[in-house]
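Here's a quick tour of the model on your screen. Keep the 3D view open as you read.

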Amino acid sequence: MSLTLLVESNPRIIDIYMLNLSTYVGLDIMVVSTVNDALQVLDKQPFKLIISRASMEQKNLAELIADKMGQLQLTIPLFVIGHGVYPKLATGVLSGSLDLKGVVKGAAQALGITAQQMAQKKVDDFFPIHSRYIQMINFPNTDLYEKTAEGQYRLIAQSHKKLDHSTLARDTFFYVQKLDRLQMVNLITSELISLLEDKDLNPDEVIQAGASNLELLSKKLMSIGITEETIQLAKKSMTSLSQNVKKNKELGKLLQRMLSNQAGYLFRHTQVVTYVSLHIVKHIDWGTPEQEDKINFICFFHDIALENDVQAKIKNKEELRKSTLDTREKNLVEKHAQIAAELVHKYPHAPMGADQIIRQHHGMLNGAGFSDHFGANLSPMAIVFVVAEEFTRIIIEKENGPYDVKEMVKHLKTAFPTSRFQKMIEIVEKITF
Ligand SMILES: [Fe+2]
Ligand SMILES: [Fe+2]
């Protein structure tokens, strides 16, 4: 095994890296969490790779490491993560630590390990996972085993059944079948990411965590519904989306950040529709902080039942009919507004009328299917949402821009010619890119 030095101070991110780098690339990892320790330890072990933060404790950590490597004449690949100064000799850099595919790929490349070698890596039939990770999961996505004193593997929990933590031994290893290991590691990784706080993350990482959390929450809501666990994650995710709107005065910057972090369509759509809707409610005469919370809530939940970007891109009956999705997925897309509305209906203290707007967000009163026409009796809040969603669709279609607001607004005015819509559209026109 190749010994890797990881210089990172966030304990959750350390866990995420240990788990993923050992599972995917087979690395042995030594962790140090301070600048001083990082510089002291460099020549103490035969490291094959160094993965380090660009900055730590307000110092250019990666540069300090690079200088010290020069003094010690060490020629080890140095992979640098996060914002800050990237030394010339860095073999790879990533601006956000939660691009795990990038980390795994970068580490493997630096060590000359090919994707094929990773895939063909020999693994025992049962793969060990420490109990502290298993403790984070309420519904495992694979069967779980323990190893008996005789060396046999005994099933202790079934996939998708609620895990009774009180019966689980602590500080030991549990096992999953080898073919299930990546699925389990990915689930634990999502759980670890959901425990990170935005205040400890850089703006790229906030986007990466936001996308991961939206996907995790969607899966949980569809399998376990509204529980204390899903409510907490929903609140955290909603706050993160509205904070991203506050922190990014210009929508273009936020779009670029999502694109550069390869955030998927579903997340970009949810973030942008939140941005545009909040912009409208902030500038309209009846807008209040309560109304802002309400539209934030609606934007967050409206497509929560959708599972992937292909489903999320479908915008009318015709596209749904022509899509290559299987029957189950088509059915889900057909009913996604209704399913989301039913979830929201059960959500404690959901803003009044939010479920109604979510149910009708594709113009159908019962939330099933798509209509090109919105009824005349739409509430003002529903109009905000409909306008924001259509604007979002146009913006995202433009990918990297340029974003010609005048031209995009012209499209909106044609799509929604009635006077109740025009007022909202005039506010949209003031969005700056
Ligand atoms: Fe949507
Ligand atoms: Fe939708």
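## The sheet

In β2, L6 finds its bridge partner, V31. Strand β1 (residues 3-7) pairs with β2 in the parallel sense, over five bridges. (Strands pair if DSSP finds at least two bridges between them; strands are DSSP runs of E, at least two residues, and helices are runs of H or I, at least four, numbered from the N terminus.) This is a predicted model, where local features need pLDDT of at least 70 and side-chain atom pairs count only at pLDDT 80 or more, while totals for chains, interfaces and linings use all residues. Residues are numbered from 1 along each chain as its sequence is written, with chains lettered from A and ligands numbered from 1 in the order in which they are written.

Zoom out, and you get an open sheet of five strands, paired in parallel, in the order β2-β1-β3-β4-β5. β2 (28-32) and β5 (92-94) sit at the edges with a single partner strand each, so one side of each has no neighbour in the sheet.

## Two helices packing

Helix α10 (residues 251-260) packs against helix α11 (residues 265-283) at about 170°, with the axes 11 Å apart (axes are lines fitted to C-alpha atoms, for helices over the stretch in contact, and angles run from 0 to 180 degrees between N-to-C directions). That makes α10 roughly antiparallel to α11, the word for angles over 145 degrees. L251, L254 and M258 of α10 meet R268, Q271 and Y275 of α11; contact means C-beta atoms, placed from the backbone, within 7 Å.

## Domains

The domain assignment, automatic or from a database, gives domain 1 (3-119), domain 2 (126-181) and domain 3 (198-428). The C-alpha centres of domain 2 and domain 3 are 37 Å apart.

Technical notes:
Parallel < 35°, antiparallel > 145°, perpendicular 65-115°, else oblique. Contact = placed C-beta atoms within 7 Å.
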